[in-house]
Amino acid sequence: MERLRVLGIETSCDETAAAVVENGDTILSNVVSSQIALHAPYGGVFPELASRAHLEAIGPVVEQALAEAHVGWGDLDAIAVTYGPGLPGSLLVGVNYAKGVALARGLPLVPVNHLEGHVYVHWLKTGAPGAADGGLEFPVLVLIVSGGHTDLVLMRGHGQYEVLGSTLDDAAGEAFDKVARMLHLSYPGGPAIEQAAATGNPNAYDLPRARLQGTYNFSFSGLKTAVLRLVQPYGDKLRPRVVADLAASFQAAVTEVLAEKTAQAAEAFRVRAVLLSGGVSANKALRMAVRARLTVPVYTAPLSLCTDNAAMIAACGTYRFRAGVRAGWELDVEPGLRLA
Ligand code: KG4
Ligand code: ZN
């Protein structure tokens, strides 16, 4: 197969990212400019600030990705850009930048669904422990757990998705972020809760698990409210022991339902492997809980590729480019875009 080099651009939320990927599996560069410090005072992403920060960062981030990959514009075969789902103002920056450079440099433009990007991270060769590094046989089951999404997806082939279940309310990462705020932990909440939970007792509080029997859907709002009720009486006098125990009990409740449904679906659809994707898949308790319930391989990406990045967009874009997918200059953002 001829050698393909694709520049990926990702600006759907609060990371401005650009990467160059060769042949859909080899990372030549992967640059992420995080806005975490900018949004931390708000305990969540402030959309207006995010789009302004993307505008400032996008040019330098793309230039850095090319420089680190030791390639010039002339060495590229295509530009892949996230056009949804995400924050409209943030997506617009990446899509318009990508259109501008594609037009100026005479390169084809490939539209990429951010969620599909999270799936294709498993086709990147990283050599990390637990990584699939490509070589996957279909069907596979993908659990996408991020700040905006919680989807259990059956993938029967490249680009073929069946969403088996989703969250009915909060996304798993959103629940981590909100509970972290209740516990006065830092933003983003996922890593902060994981750290606090390390010294806590996961059985200290008997928190509700929404099982939604007979479906592959999830619900985390009841769990979040239960934590709020336990926290409220303390006011701002939460002791570290209570924080650690609540963090551990909350993490156990979330990971248990995620792992249970994933195992049920993996068995029902006789998949060859399970792929964990998205920011929450960085969570070690989740990885352990899923692996403990499954006999098929469970693949995870290295931490830097679990959260938003452009290498996954370039990898997915390469598959779509090979399949003949191209965007016209009328490409618009689709903030509510879904899989399949
Ligand atoms: O995939 P991602 O970077 O962005 C979205 O597309 O949403 O995911 C970000 C989410 C945040 O909610 C963050 O709290 C969560 O992933 N997260 C974690 C961990 N690291 C990041 N949640 C649980 N445990 C972690 N270690
Ligand atoms: Zn994401």
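**Pocket first.** I began with the largest pocket, and its volume comes out at about 1,200 Å³. I'm keeping in mind that this is a predicted model.

I then asked which residues lie nearest the centre of the largest pocket. They are Cys-13, Ser-146, Gly-147, Gly-148 and Asp-177, out of a lining of 47 residues. Going by secondary structure, I noted the elements that give two or more residues to this lining: the helices α4 (114-120), α5 (172-182) and α6 (189-197), plus the strands β7 (150-157) and β8 (160-166). The largest share belongs to α5, which supplies six residues. I also sorted the lining by class and got 18 nonpolar, 18 polar and 11 charged residues.

**Who's in there?** Next I looked up what takes up that space, and it is ligand 1 that sits in the largest pocket. For the shell around ligand 1, the elements giving two or more residues are α4, α5 and α6. Here α6 has the largest share, with four residues. So much for the elements; I went on to single residues.

I counted 21 residues around ligand 1, and the ones that come nearest are Gly-147, Asp-177, Gly-190, Glu-194 and Asp-308. Gly-147 and Asp-177 were already on my list for the pocket centre.

Which part of Glu-194 lies 2.7 Å from a nitrogen atom of ligand 1? I found that it is an N or O atom of the side chain. A backbone N or O atom of Gly-147 is 2.8 Å from an oxygen atom of ligand 1, and one of Gly-173 is 3.1 Å from an oxygen atom of the ligand. I checked the cover as well: ligand 1 taken alone exposes 550 Å², and the protein buries 90% of that.

**Then the cavity.** How many cavities of 30 Å³ or more are there? I get one. The largest cavity holds about 40 Å³ of space. I wrote down its lining in stretches of the chain: Val-121, His-122, Leu-124 and Thr-126, then Ala-131, Ala-132 and Asp-133, and finally Thr-300, Ala-301 and Pro-302. Of these lining residues, six are nonpolar, three are polar and one is charged.

**To remember.** Ligand 1 takes the space of the largest pocket, where α5 leads the lining with six residues, while α6 leads the shell around the ligand with four.

How values were computed:
Residues are numbered from 1 along each chain as its sequence is written. Chains are lettered from A and ligands numbered from 1 in the order in which they are written. This is a predicted model: local features need pLDDT of at least 70, side-chain atom pairs count only at pLDDT 80 or more; totals for chains, interfaces and linings use all residues. Side-chain values use heavy atoms; hydrogens and water are left out. On a 1 Å grid over the protein atoms alone, a cavity is a set of points where a 1.4 Å probe fits but cannot get out, and a pocket is an open set with protein on both sides within 12 Å along at least five of seven lines; lining residues have an atom within 4 Å of a point. Grid points are joined across faces, edges and corners, and a volume is the space filled by probe spheres set on the points. Ala, Val, Leu, Ile, Met, Phe, Trp, Tyr, Cys and Pro count as nonpolar, Asp, Glu, Lys and Arg as charged, and the others, Gly among them, as polar. A residue is near a molecule or strand if one of its heavy atoms lies within 4 Å of it. A polar contact is a pair of N or O atoms within 3.5 Å; within protein, one must be able to donate a hydrogen and the other to accept it, and residues adjacent in sequence count only if both atoms are side-chain atoms. Accessible areas come from the Shrake-Rupley method with a 1.4 Å probe; for residues, only the protein chains shown count as cover. A molecule sits in a cavity or pocket if more than half of its atoms lie within 2 Å of its grid points.
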